[in-house]
Amino acid sequence: MYILAIETTGKYGSASVINETGKVFSAASGEEMNHLKGMMLLVDEAIREAGITKAELTHIAASVGPGSFTGIRIGVVTARVMAQMLGLPCIGVSSLEAMGERVLSDAIASGALYVVPLINARRHQTYAGVYEAQYTSDLEHQALFPVMEEKQYMIEDLLAGLKNKLAEYDGASVYFTGDGIDAYREIIEEEMSGHHYVFADEDLRYQHSGSVAVIALKRSKAGKVLAYNELMPEYMRLAEAEQRLRAGTLSERIRKPVQI
């Protein structure tokens, strides 16, 4: 089994191949928002690192969002086209869940009860979820269990809900990750005053295909796969132009079709 995982929902694109034992081979871009130009190069590099050919792939996985609207589309379309061409099943993975998976071991080592991935959606808005970190001495059984649903939150509302959860467990700690830290650090520090919390280091904070691959492997073993045309993006909100169109505030010049 070899699963190709694609991550394009954040600033930096990456591709990974994971085998049935869980070994991951990755290639990542150092250029911001270079997904359209660089993704297939990263895919080819990850496949070479794994020592296989495209013909040996068994599944195609993609981070389906939330995140950058354009990035999500690039990743999902790339995965769908490859799956269709190679006749392979697809696996869709939430970018928030994958972000939580990436830091899970570090969060557990820090003693955190809750893991909170945050993606900056601007104007005090964030895409986020809250997970409880559960684990045994066997590292393979580390897991994240959702306790607040993945959705778009105002950062203040998210933190209020999180503090309600913390009230149930005296002294519990929270592990934050994602670029929402960069945008809302001061708000988090103010609202979480008096509570125990940790910010993920920058080398773990952002989206990466390796954690998408880890989740995809678990889902493939459970038979949770999709046909290529069932793999869909998860934006969590309408694009700004669509919002303005529904609200009737989109410019007439933009709304009218161009005459060719």
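User: Which helix holds Met85 in this predicted model, and is Met85 buried or exposed?

Analyst: In this predicted model, Met85 sits in helix α2, residues 69-86. Exposed means over 50% relative accessible area. Met85 has 68%, so Met85 is exposed.

User: Moving on to α7, how far apart are its end C-alpha atoms, and what span should its residues give?

Analyst: Helix α7 runs over residues 209-221, which makes 13 residues. At 1.5 Å a residue, α7 should span 18 Å. That agrees with the distance between its end C-alpha atoms, which is 18 Å.

User: What covers the buried residues of α7?

Analyst: The buried residues of α7 include Val212, Ile215, Ala216 and Leu217. Their α7 group also has Ser209 and Ser220 in it. Among the elements covering the buried residues of α7 are β1, β2, β3, β4, β5 and α3.

User: Is Val115 buried or exposed, and what is its relative accessible area?

Analyst: Val115 lies in strand β6, residues 114-122. Leaving out residues up to four places away in sequence, Val115 touches several others, including Val103, Tyr131, Leu144 and Tyr175. Buried means under 20% relative accessible area. Val115 is buried, because its value is 0%.

User: How far apart in space are Val115 and Val198?

Analyst: In sequence, Val115 and Val198 are 83 residues apart. In space, C-alpha to C-alpha, the distance is 9.6 Å.

User: Which residue's backbone oxygen does the side chain of Thr177 reach?

Analyst: Thr177 is in strand β9, residues 173-177, and at 0% relative accessibility Thr177 counts as buried. Beyond its neighbours within four places in sequence, its contacts include Met99, Val116, Leu118 and Leu204. The side chain of Thr177 comes within 3.3 Å of a backbone oxygen, and that oxygen belongs to Arg205.

User: Zooming out, what share of the protein's residues count as buried?

Analyst: The protein has nine helices and 10 strands. Its accessible surface is about 13200 Å², with 49% of that belonging to carbon and sulfur atoms. Of its 260 residues, the share that counts as buried is 47%.

Technical notes
Residues are numbered from 1 along each chain as its sequence is written. This is a predicted model: local features need pLDDT of at least 70, side-chain atom pairs count only at pLDDT 80 or more; totals for chains, interfaces and linings use all residues. Side-chain values use heavy atoms; hydrogens and water are left out. Helices (H or I, at least four residues) and strands (E, at least two) are DSSP runs, numbered from the N terminus. Buried means under 20% relative accessible area, exposed over 50%, partly exposed in between (1.4 Å probe, protein chains only). The expected span of a helix is 1.5 Å times one less than its number of residues. Contact means heavy atoms within 4.5 Å. A polar contact is a pair of N or O atoms within 3.5 Å; within protein, one must be able to donate a hydrogen and the other to accept it, and residues adjacent in sequence count only if both atoms are side-chain atoms. Accessible areas come from the Shrake-Rupley method with a 1.4 Å probe; for residues, only the protein chains shown count as cover.
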